[in-house]
Amino acid sequence: MSASRLSASRLLPARLLASLALTLGLTASLSVVTTLGPTTPGASAMVSAVTANSAADWARSRRGDPYSYGAVGPGRFDCSGLTRWAYAHVGKVLPHSSSGQVASTRRVSRAQARRGDLVFFSSGGYVYHVGIYAGGGYVWHAPYSGTRVRKERIWTSNVFFGRVR
């Protein structure tokens, strides 16, 4: 069988698996989808969507954990510690600072933002906070001392979105 026929024959099951995983909120098929690699047209975009969705699920799993400056989990987090921890569970390495995580992403517009993208909060050109987009204008984040990991409506227009590479 030619490489192009093999690639096309493997693409349909990958799309079905990714679609099923996203629909059911499952992450078990991630390893199956990732075996396709970038040689299959569209596969890297599918893997990215599944990976981002899974990272959002990992962040959600920490709901209620206390904020602690400099903490990276699993029981306490600061903002970038939470995003770093969630993405580590899906095989992505992020630095432990909100401004450092900007460099690990590709900027996307608010209209293109999808669940699992990073949300960067900025003031005067300085990134001071990061969370994981939950969709629908909400973010999973570890806000500040005395609070707990929670899902909250994005409260400012001074944000931008980044898709983890």
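**Briefing: contacts, burial and salt bridges in a predicted model**

Thr147 touches Pro66 and Tyr67, when residues up to four places away in sequence are not counted; touching, or contact, means heavy atoms within 4.5 Å. The structure is a predicted model, in which local features need pLDDT of at least 70, side-chain atom pairs count only at pLDDT 80 or more, and totals for chains, interfaces and linings use all residues. Residues are numbered from 1 along each chain as its sequence is written, and side-chain values use heavy atoms, with hydrogens and water left out.

**Confidence**

- The mean pLDDT of the protein is 80, and 72% of its residues reach 70 or more; pLDDT is the predictor's confidence in each residue, from 0 to 100.
- Over residues 1–43 the pLDDT is below 50, and this stretch has 33 contacts in the model beyond near neighbours in sequence.
- Where pLDDT is low, the predicted coordinates should not be read in detail.

**Overall make-up**

- The protein has 5 helices and 6 strands; helices (H or I, at least four residues) and strands (E, at least two) are DSSP runs, numbered from the N terminus.
- Read from the N terminus, the order of elements is α-α-α-α-α-β-β-β-β-β-β.
- Of the 165 residues, 45% count as buried; buried means under 20% relative accessible area, exposed over 50%, and partly exposed in between (1.4 Å probe, protein chains only).
- The accessible surface comes to about 8500 Å², and 55% of this belongs to carbon and sulfur atoms; accessible areas come from the Shrake-Rupley method with a 1.4 Å probe, and for residues only the protein chains shown count as cover.
- Among contacts between residues at least 6 apart in sequence, 54% join residues at least 24 apart.

**The loop between β4 and β5**

- Thr147 lies in the loop between β4 (138–141) and β5 (150–153), and Tyr144 is found in the loop between β4 and β5 as well.
- Thr147 counts as buried because its relative accessibility is 10%.
- Tyr144 is partly exposed, since its relative accessible area is 49%.
- The backbone oxygen of Tyr144 lies 2.5 Å from a polar atom of the Thr147 side chain.
- Leaving aside neighbours within four places in sequence, Tyr144 is in contact with Tyr67 and Arg150.
- Tyr144 and Pro66 are 78 residues apart in sequence, and their C-alpha atoms are 9.2 Å apart in space.

**Salt bridges**

- The structure holds 5 salt bridges; a salt bridge is a side-chain nitrogen of Lys or Arg within 4 Å of a carboxyl oxygen of Asp or Glu.
- One of them joins the side chains of Asp65 and Arg62 (2.7 Å, N to O), and both Asp65 and Arg62 are buried.
- Another joins the side chains of Arg163 and Asp117 (2.9 Å, N to O). This pair links distant parts of the chain, with Arg163 in strand β6 (residues 159–164) and Asp117 in the loop between β1 (105–108) and β2 (118–123), 46 residues apart.
- Arg163 is buried, with a relative accessible area of 12%, and Asp117 is buried at 0%.
- Glu152 forms a salt bridge with Arg150, whose closest N and O atoms are 3.2 Å apart. Glu152 is partly exposed at 24% relative accessible area, and Arg150 is partly exposed at 28%.
- Salt bridges that share partners join Asp57, Arg60 and Arg115 into one network.

- Helix α4 (residues 79–88) is largely enclosed by the rest of the structure, because 8 of its 10 residues are buried.
- The buried residues of α4 are Cys79, Ser80, Gly81, Leu82, Thr83, Trp85, Ala86 and Tyr87.
- Pro74 is found in the loop between α3 (43–60) and α4.
- The peptide bond from Gly73 to Pro74 is cis, with omega near 5°. Most peptide bonds are trans.

**Nonpolar surface patch**

- Tyr126, Tyr128 and Trp155 make a nonpolar surface patch of about 370 Å². Patches are made of residues with over 30% relative accessible area and no salt bridge: like charges are joined within 9 Å, and nonpolar side chains (Val, Leu, Ile, Met, Phe, Trp, Tyr) within 5 Å.
- Tyr128 is placed in strand β3 (residues 126–135), and its relative accessibility of 39% is why Tyr128 counts as partly exposed.

Technical notes. A polar contact is a pair of N or O atoms within 3.5 Å; within protein, one must be able to donate a hydrogen and the other to accept it, and residues adjacent in sequence count only if both atoms are side-chain atoms.
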